[in-house]
Amino acid sequence: MFKALVLEKEPEFRASVREVDEGFLPEGDVTVAVEYSTLNYKDGLAITNKSPVVRSWPMVAGIDGSGTVLESSAPQWKAGDAVVLNGFGVGETHKGCLAARARLKSQWLVRRPQAFSARQAMAIGTAGYTAMLCVLALERHGLKAGEGEVLVTGATGGVGSVAVALLAKLGHKVVAATGKPAEADYLKTLGATAIIDRGELSAPGKPLQKERWAAVVDAVGSHTLANACAQTRYGGAVAACGLAQGMDFPATVAPFILRGIALLGVDSVMAPMARREEAWSRLARDLDPKLLETMTTEVGLADAVGAAQRLMAGEVRGRIVVRTS
Ligand SMILES: NC(=O)c1ccc[n+]([C@@H]2O[C@H](COP(=O)([O-])OP(=O)(O)OC[C@H]3O[C@@H](n4cnc5c(N)ncnc54)[C@H](OP(=O)(O)O)[C@@H]3O)[C@@H](O)[C@H]2O)c1
């Protein structure tokens with residue numbers, strides 16, 4: 001028997017930590033002893049039932065996990081291997097990693113970089129790996145240090161915190177947009193050179209505005225993304241990965257057809273394995289473990305539901321890791 005955070009739909013929605021056995025696990029060719037999981041925005045939506053993230057019931061929550069392989073019938077994995085799982089519908093359609101055990105598909109697993117413990121890998125989690133995917137997308141577009149200010153929205157959140165730390169380490173001048181002015185010192189510790197109030201970006205704005213950003217990492221969507229595009233400098237790029245303000249995109253084509261800016265969509269869930277491995281190896285190189293610890297709060301499985309509620313209420317800074325064993 002082991003503990004799992006189980007989401008049930010009938011007779012009414014319920015999220016609770018239960019003792020389950022191996023028979024509760026889904027099909028898969030690798031069984032993992034999960035040491036740590038985490039709470040991303042999507043986990044918050046699933047655990048509070050705020051959005052229809054879960055599409056198979058009952059579900060074990062947890063879109064991310066890290067631990068060691070217990071059993072594998074796949075040749076590429078053997079007992080004792082340290083692994084990381086991000087996305088692929090885990091915690092949505094396939095039982096997830098907010099549990100001491102998970103049964104997963106071998107082709108979904110990434111070898112955990114030696115630089116990271118299971119806890120550190122989950123302090124990064126999907127949020128941090130997505131921040132790295134955003135930085136990689138901007139670099140592929142041609143962004144280089146010294147080209148000007150880079151804006152990060154939702155800056156005290158999981159994606160935002162890791163994006164600020166990564167971009168600053170890579171030599172960029174990072175401007176952090178936040179709704180939490182009291183966290184200015186935190187954002188400066190991560191490497192932000194300036195802080196702006198997210199209210200400057202969140203209301204409807206003009207199609208073209210004063211050019212400011214060499215590039216943007218946006219975790220917020222809606223008017224914030226539209227204004228970020230309208231303020232991006234000629235030829236710059238915006239990596240869009242989130243919807244914390246909203247899923248809408250109330251923009252015009254002006255920044256694209258008059259300033260040649262690029263809007264780069266970033267998806268972590270179905271990202272191909274080569275891109276995942278590139279992101280994890282760059283995180284091992286470019287993310288300062290001391291700053292990662294600054295971003296991280298730890299809770300046990302029993303406290304994960306309360307922590308998910310705080311995340312959805314916008315009361316959390318940085319990343320929450322969940323000890324599953
Ligand atoms: N594309 C992908 O594959 C992918 C992967 C991971 C995450 N995401 C998305 O990225 C977003 C961020 O995820 P996360 O894990 O970093 O979540 P998070 O830790 O909850 O951070 C979200 C941050 O957004 C800001 N925010 C919240 N409500 C807002 C509002 N109404 N208007 C403007 N800003 C608001 C807050 O930062 P401040 O208080 O500092 O403003 C908050 O901390 C989510 O929408 C998530 O679904 C997408």
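Tutor: Quick ground rule: helices (H or I, at least four residues) and strands (E, at least two) are DSSP runs, numbered from the N terminus. The model is predicted, so local features need pLDDT of at least 70 and side-chain atom pairs pLDDT 80 or more, while totals for chains, interfaces and linings use all residues. Residues are numbered from 1 along each chain as its sequence is written, and side-chain values use heavy atoms, with hydrogens and water left out.

Student: How many helices and strands does the protein have?

Tutor: Counting those runs over the protein settles it. The tally is 10 helices and 16 strands.

Student: What is the radius of gyration, and why does it agree with a compact globule?

Tutor: The radius is taken over C-alpha atoms, and the globule rule is 2.2 Å times the number of residues to the power 0.38. Those C-alpha atoms fill a box of roughly 60 × 40 × 35 Å along the principal axes. For 325 residues the rule puts a compact globule near 20 Å, so the protein agrees, at 19 Å.

Student: Now the ligand: which residues come nearest?

Tutor: A residue is near if one of its heavy atoms lies within 4 Å of the molecule. There are 25 residues around the ligand, and those that come nearest are Thr-156, Val-159, Thr-178, Cys-241 and Ser-268.

Student: Which helix gives the most to that shell?

Tutor: Two helices each supply at least two shell residues: H2 (118-141) and H3 (158-169). With three residues, the one that gives the most is H2.

Student: Which residue has a backbone N or O atom 2.9 Å from a nitrogen atom of the ligand?

Tutor: Polar contacts here are pairs of N or O atoms within 3.5 Å (within protein, one must be able to donate a hydrogen and the other to accept it, and sequence neighbours count only if both atoms are side-chain atoms). The backbone atom 2.9 Å from a ligand nitrogen belongs to Val-266.

Student: How much of the ligand does the protein bury?

Tutor: Accessible areas come from Shrake-Rupley with a 1.4 Å probe (for residues, only the protein chains shown count as cover). Alone, the ligand exposes 920 Å², and the share buried by the protein is 85%.

Student: Which peptide bond is cis with omega near -10°?

Tutor: Most peptide bonds are trans. Glu-10 and Pro-11 are joined by a cis bond too, but there omega is about -5°, and Pro-11 sits in the loop between S1 (2-8) and S2 (14-20). In the other case the proline, Pro-58, is in the loop between H1 (41-47) and S4 (59-60). The bond you want runs from Trp-57 to Pro-58.

Student: Which non-glycine residue has a positive phi near 60°?

Tutor: Most residues other than glycine have a negative phi. This one lies in the loop between H1 and S4: Asn-49.
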